[in-house]
2 protein chains.
Amino acid sequence: MQPRKIRKLCNAAREASRRLATLTPDQKNLALAEMAEALMRRKGEIIRENRDDIKEGKAAHLSAALLDRLRLDEDRIRDMADGLRHLASLPDPVGEIVDGWHTSNGLEISRIRVPFGVIAVIFEARPNVAVDAAGLCLKAGNSAILRGGSASLRSVRILTEIISGALIDAGIPRDAVSMVESRERGDLKQLLAMSDYIDLVIPRGGEGLKDYLKKNSKIPVIYAAGGNCHTFVDASAEVEKAIRVVVNAKVQRPGVCNALETLLVHRRAAADFIPLAAAELIKRNVLLYMDEDSRALAETSVRDGSEWIEEATDEHYATEFLDLKLAVKIVDSVDEAIEHITRYGTGHSEAILTNDLENSRRFAAGVDAACVYVNASTRFTDGGEFGMGAEIGISTQKLHARGPLGLRELTSVKYVITGDGHVRG
Amino acid sequence: MQPRKIRKLCNAAREASRRLATLTPDQKNLALAEMAEALMRRKGEIIRENRDDIKEGKAAHLSAALLDRLRLDEDRIRDMADGLRHLASLPDPVGEIVDGWHTSNGLEISRIRVPFGVIAVIFEARPNVAVDAAGLCLKAGNSAILRGGSASLRSVRILTEIISGALIDAGIPRDAVSMVESRERGDLKQLLAMSDYIDLVIPRGGEGLKDYLKKNSKIPVIYAAGGNCHTFVDASAEVEKAIRVVVNAKVQRPGVCNALETLLVHRRAAADFIPLAAAELIKRNVLLYMDEDSRALAETSVRDGSEWIEEATDEHYATEFLDLKLAVKIVDSVDEAIEHITRYGTGHSEAILTNDLENSRRFAAGVDAACVYVNASTRFTDGGEFGMGAEIGISTQKLHARGPLGLRELTSVKYVITGDGHVRG
């Protein structure tokens with residue numbers, strides 16, 4: 001796209017955002033319902049366009065995993081529509097009076113939740129992110145500018161077109177959702193310079209995209225680091241329960257950012273816990289990278305499992321495997337566990353399994369992460385599981401929002417101050 | 001400073017921040033009291049070092065205004081000490097349970113206020129910012145890295161030394177407050193690349209500094225735009241009250257960001273309001289840039305004031321005068337006032353003076369700014385006036401914090417989730 005065209009698109013999004021900010025919850029929920037209906041009505045077109053993306057992706061030798069992420073079928077389209085309907089059922093964040101007070105001279109101060117204005121969502125292969133992001137932004141009163149990966153260009157284009165049409169049907173400016181239709185990195189750079197029009201950038205993608213944004217964005221970004229997540233099995237942990245949680249955190253869905261990557265075990269729990277845990281994990285095809293002491297314990301129980309156990313290196317402790325692999329280490333205290341996590345963690349989700357109240361408090365206070373768990377699986381870090389209804393990602397930065405980014409996190413605030421001719425003395 | 005030295009300093013600040021995060025309010029308040037006492041005890045040294053900065057500033061032909069900002073005398077040192085003691089009296093933000101809930105499966109979720117970690121404060125001439133910033137950061141549990149302007153190098157050095165000494169006396173790591181001792185822009189750039197150690201950058205300075213940060217910071221920044229603030233006198237405004245508020249907003253301290261810069265007047269209020277308001281403003285040496293209609297009205301009352309009235313241009317409406325100058329315009333409706341503010345405002349502080357409930361609601365909802373006033377002077381935008389006790393600046397960005405940056409705004413949050421062996425299904 002030409003720079004002028006990108007600026008025009010951004011300006012239209014900003015104009016639309018003024019209108020969005022004044023909509024009632026009912027008006028927005030109606031639009032979400034219209035969007036859902038339009039997706040289902042036009043699913044044939046979506047699948048046709050998507051098929052062309054897939055065809056081109058195959059010709060370009062995209063991996064099977066990427067092609068799967070790219071694919072839209074009837075089930076996935078229904079999931080998107082259901083997601084929008086669910087969004088419509090959630091409480092509206094805009095207009096919430098976050099807090100308020102009277103000052104000593106009688107001024108009334110209210111802090112009120114308001115939309116950001118315009119949010120740009122930069123994503124990679126999955127075209128369904130376009131619909132999720134557009135819905136979340138709309139519900140929070142923001143215009144969305146979508147910029148998908150080049151492989152999904154046709155799919156995102158038809159989805160954006162369908163959404164825009166539904167917006168018009170609901171009496172909302174179509175520019176509330178728009179798409180930067182381009183495969184050029186230069187266009188992305190152009191977009192990231194539009195700080196006069198765009199209030200926030202949210203990336204949904206890997207480290208390469210993040211590095212690119214860090215270097216090029218003139219607009220504030222909410223980053224999500226990967227999740228090199230730990231679980232510490234304390235001396236007082238109940239063995240069976242601990243095994244259940246550890247297996248869940250590692251195995252239930254290993255490819256996601258809240259999955260367990262390193263298991264830390266208190267030396268006093270090791271003899272009871274490690275042989276059983278290793279057997280359970282290996283049974284589920286988990287490859288273990290173990291320090292010397294834990295390895296010796298594991299090998300007492302796992303007779304035919306020697307090919308499932310390797311020696312752990314520093315690099316293993318630093319790696320987010322996103323796979324059926326787990327690093328294991330024995331530590332001598334909760335403090336040593338905290339130190340290990342401070343050194344290797346990415347501030348995502350960290351857990352302690354314990355029945356010791358003091359240690360649970362020490363761990364919760366001492367670990368610096370978005371989500372710290374006591375006696376639960378790290379897999380719960382998720383807007384849906386937290387009861388936020390939906391999320392656009394998990395933030396691991398400390399500015400603005402940490403943890404799941406739900407509707408509330410897609411808003412800013414405004415002070416409204418009411419007086420009676422008050423002047424400052 | 002050498003790059004290696006800056007990295008070492010940042011790393012030490014990060015290490016100290018771990019300790020800071022675990023301090024009790026009492027420990028931090030004791031340190032603030034120690035800092036205040038040490039400043040008073042060593043005021044002679046401070047004044048001596050400051051005198052050398054002033055001498056050098058004079059030799060470098062700094063303006064009188066800059067030299068005044070640079071100067072520290074006994075009164076200003078006492079003010080700094082009093083500020084620290086006041087900080088000690090404020091509620092501690094760290095550990096506040098912001099909110100919390102139980103999920104449907106019985107997980108207990110708490111969102112808890114925690115320190116950021118390390119905050120770099122970049123400021124220009126005023127050396128007292130070093131003490132204010134160090135105090136605020138400490139109370140919020142953060143390490144502070146101070147980087148003052150080159151003109152105040154000696155003053156900031158002695159202040160930092162005194163603060164560090166007081167920290168040691170209070171049993172707190174001295175690296176909780178440190179200073180990048182340098183006059184080189186290259187060192188600032190180096191500092192702004194330390195995203196592994198620094199969580200947040202707060203600038204206290206002009207547009208030049210902000211532009212530099214926008215271009216060079218790899219660390220999140222909280223920006224404060226200037227304040228091109230408006231006050232709209234609606235048709236129903238009570239004339240006398242409106243004049244009092246307008247005069248206060250313009251005249252009480254014209255050089256600050258929350259001072260009034262453009263006055264908008266409803267056409268139906270103009271005949272009653274403008275002649276009297278113009279006379280009152282001119283009496284206080286305010287130069288008026290007026291549109292044709294308001295000028296005609298003003299000139300009916302201001303006989304000898306013709307040299308105080310000039311024709312307004314678009315540029316006047318776009319200017320933050322920070323001076324005894326005021327642009328004036330007549331508008332036909334609250335919507336036209338909102339449009340004007342949308343076009344020229346900087347999102348800082350905007351006011352409506354009215355007795356019309358519908359218009360007050362329309363204005364409060366329609367104006368996109370950090371602070372929107374109904375029947376009060378824009379001069380109230382200030383952490384102290386808001387009852388926050390203290391502030392490090394006024395944010396006009398929408399990410400993280402908007403409006404006065406008090407102690408709460410210098411913190412992040414963390415989720416602590418407690419279960420009983422919960423696993424995700």
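**Two chains and a helix pair**

α6(A) and α7(A) are roughly parallel to each other, a label for angles under 35 degrees. The contact is made by A:A130, A:V131 and A:A134 of α6(A) and A:V156, A:L159, A:T160 and A:I163 of α7(A). Contact here requires C-beta atoms, placed from the backbone, within 7 Å. Helices are DSSP runs of H or I with at least four residues, strands are E runs of at least two, and both are numbered from the N terminus. The axes of α6 (residues 128-139) and α7 (residues 153-169) of chain A come within 9 Å and cross at roughly 30°. Each axis is a line fitted to C-alpha atoms over the stretch in contact, with angles from 0 to 180 degrees between N-to-C directions.

This is a predicted model: local features need pLDDT of at least 70, side-chain atom pairs need 80 or more, and totals for chains, interfaces and linings use all residues. Residues are numbered from 1 along each chain as its sequence is written, while chains are lettered from A and ligands numbered from 1 in the order in which they are written.

Now the two chains. Chain B can be laid on chain A by a turn of 180° and a shift of 0.0 Å along the axis, with an RMSD of 0.0 Å. The copies are thus related as by a two-fold rotation axis. Superposition is by least squares on C-alpha atoms with pLDDT of at least 70 in both copies. In chain B, B:H400 comes closest to the axis, at 1.8 Å (C-alpha).

The contact takes 51 residues from chain B and 51 from chain A. On the chain B side, β16(B) gives the largest share, eleven residues.

Methods. Angles under 35 degrees count as roughly parallel, over 145 as roughly antiparallel, 65 to 115 as roughly perpendicular and the rest as oblique. Two residues are in contact if their C-beta atoms, placed from the backbone, lie within 7 Å.
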